[in-house]
Structure formats: structure tokens, C-alpha cells
Amino acid sequence: MKVIVIGGTGHIGTYLIPMLVDANYEVINVSRQKSSPYVPHSSWKAVTHVAMDRTEAEKQGSFASQIADLKGDIIIDLICFTPESAIVLAEALKGKIQHFLHCGTMWVHGHSERVPTTE
């Protein structure tokens, strides 16, 4: 079974992708490839890496179709910044995959004006 992880070298993907590989999933990591996983793990050698700048691809209207063209069984989106982006991707994947896990980010609600502290 093929799993596509969007934003796989970040906070969650660093730990999730090795677990998926170790569970015998075929894994494709889609990222800008500007950073490495936080923790090195031998499982990363089995991962296919696809370089894609989501922001630019969305401006061109091609991001969702490029993800669909990878023909994954499961899509895990770890870096979605807007509800519109999630909707476009979900529509492009409808009927083509088994599972779509949208984790998004806190930034989908916009930038914080004030970070709460106890100080």
C-alpha cells in the first residue's frame, strides 16, 4: 500500500515516516526538500522523495492534480495552511484513494496576534 506524506520532514513526519516504512508501507515524501528530518533513521533510505513547493504549485493550480498523479492509496497532509487548499485537494482525490488524513496546521486560522503566556 502506498502512502503519500505531504510535509514529511517536519514535526510529525520525522517520526511518522520511519514508522510507516517499518510497517512495510511504500512511502513517498512530498516536500520542498529544504530541510532534513529532525532525527536520522535508516528507514529514510527506502522513502521516495518528491520535491514540490506547495505554495507555487497551488498558485499555478497544479498541486492537487500532482498529488493525485502520484496514485497513493493513503494521503497524509501535514502542512495545509488554508481551508481552500484542503478543499481543492480533497476534491481532486475524491474516489481515487482509500484514506485522506488532513492534519493541517495551526496557521489555517491565521497568525496569532499574541501568544498566551503565564508571565
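1. A word on the model. Please keep in mind that this is a predicted model, and that the values quoted here are computed from it.

2. Ser 43 in its loop. Have a look at the loop that runs between strand S2 (26-31) and strand S3 (48-51), where you will find Ser 43. Is Ser 43 buried or exposed? Its relative accessibility is 5%, so Ser 43 counts as buried, the cut-off for that class being under 20%. Beyond the neighbours within four places in sequence, the contacts of Ser 43 are with Pro 18, Val 21 and Asp 22.

3. With a relative accessibility of 35%, Val 39 counts as partly exposed.

4. Salt bridges overall. How many salt bridges does a search of the whole structure find? The answer is four. As a reminder, side chains of opposite charge can pair when their charged atoms come close.

5. Glu 58 and Arg 54. These two side chains meet in a salt bridge, at 3.0 Å from N to O. Both belong to helix H2 (residues 54-59), and because they are four residues apart, about one helical turn separates them. Glu 58 is partly exposed at 33% relative accessibility, whereas Arg 54 is buried, with a relative accessible area of 9%.

6. Lys 59 and Glu 56. Helix H2 holds this pair too, three residues apart, which is about one turn of the helix. Lys 59 counts as exposed at 65% relative accessibility, while Glu 56, with a relative accessible area of 36%, is partly exposed. Turning back to the previous pair, which residues do salt bridges with shared partners join into one network? Arg 54, Glu 58 and Asp 77 make up that network.

7. Glu 91 and Lys 94. A salt bridge also links the side chains of Glu 91 and Lys 94, at 3.3 Å from N to O. Lys 94 has a relative accessible area of 56%, so Lys 94 is exposed; the cut-off for that class is over 50%.

Notes. Residues numbered from 1 in each chain as written. Predicted model: local features only at pLDDT ≥ 70, side-chain atom pairs only at ≥ 80, totals over all residues. Heavy atoms only, no water. Helix = DSSP H or I, 4+ residues; strand = E, 2+ residues; numbered from the N terminus. Buried < 20%, exposed > 50% of the residue type's maximum accessible area, 1.4 Å probe, protein only. Contact = heavy atoms within 4.5 Å.
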